[in-house]
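Reader: Please walk me through the aromatic ring pairs here. Start with how to read them.

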Amino acid sequence: MKHVYTIISGYVEFGDKQCNIPFALVFQNDGVLYIESFFEDANFYESVQGLNYYRLIGKTEKGYDIECEGLFCVKYKSSNKKVNFICNKYIKLINN
């Protein structure tokens with residue numbers, strides 16, 4: 001997998017619920033985008049789990065605003081709050 005973006009701050013949302021993330025790593029493999037991060041709130045995943053699509057809003061290390069739409073959770077570890085997503089829609093970068 002090729003590392004393509006590092007998100008240095010942001011949040012994940014589902015509907016009206018949000019959870020801050022300290023950082024996230026975005027990888028690409030054969031045109032598919034994967035995101036690894038950690039939820040700051042241990043209860044967030046339990047409150048929205050299921051077959052849902054998430055959205056991530058943040059800022060990259062290069063100062064771009066980033067919007068990741070259509071994230072599907074493929075793995076969550078409650079022991080350390082690590083979450084892995086696959087992006088089923090798009091990632092949009094906005095130059096400030």
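Reader: Which residues do ring pairs link into a cluster?

Author: Rings of Phe, Tyr and Trp (its six-membered ring) pair if their centres lie within 6.5 Å; planes under 30 degrees apart count as stacked, over 60 as edge-to-face and the rest as tilted. Here, ring pairs join F14, F39, F44, Y45, Y54, Y76 and F85 in a cluster. This is a predicted model: local features need pLDDT of at least 70, side-chain atom pairs count only at pLDDT 80 or more, and totals for chains, interfaces and linings use all residues. Residues are numbered from 1 along each chain as its sequence is written, and side-chain values use heavy atoms, with hydrogens and water left out.

Reader: How many aromatic pairs does a search of the whole structure find?

Author: The search finds 9. Take F14 and Y54: the ring centres are 6.0 Å apart and the planes at 55 degrees, so this pair is tilted.

Reader: Where in the chain do F14 and Y54 lie?

Author: Strands (E, at least two residues) are DSSP runs, numbered from the N terminus. F14 is in strand β1 (residues 2-14) and Y54 in strand β5 (residues 53-60).

Reader: Is Y54 buried or exposed?

Author: Buried means under 20% relative accessible area, exposed over 50%, partly exposed in between (1.4 Å probe, protein chains only). Y54 is buried, at 2%. F14 is partly exposed, at 27%.

Reader: What do Y53 and F72 form?

Author: A tilted aromatic pair, 5.8 Å centre to centre with 50 degrees between the planes. Y53 sits in strand β5 and F72 in strand β6 (residues 65-77), 19 residues apart. Y53 is partly exposed, at 46%. F72 is partly exposed too, at 24%.

Conventions. Helices (H or I, at least four residues) and strands (E, at least two) are DSSP runs, numbered from the N terminus.
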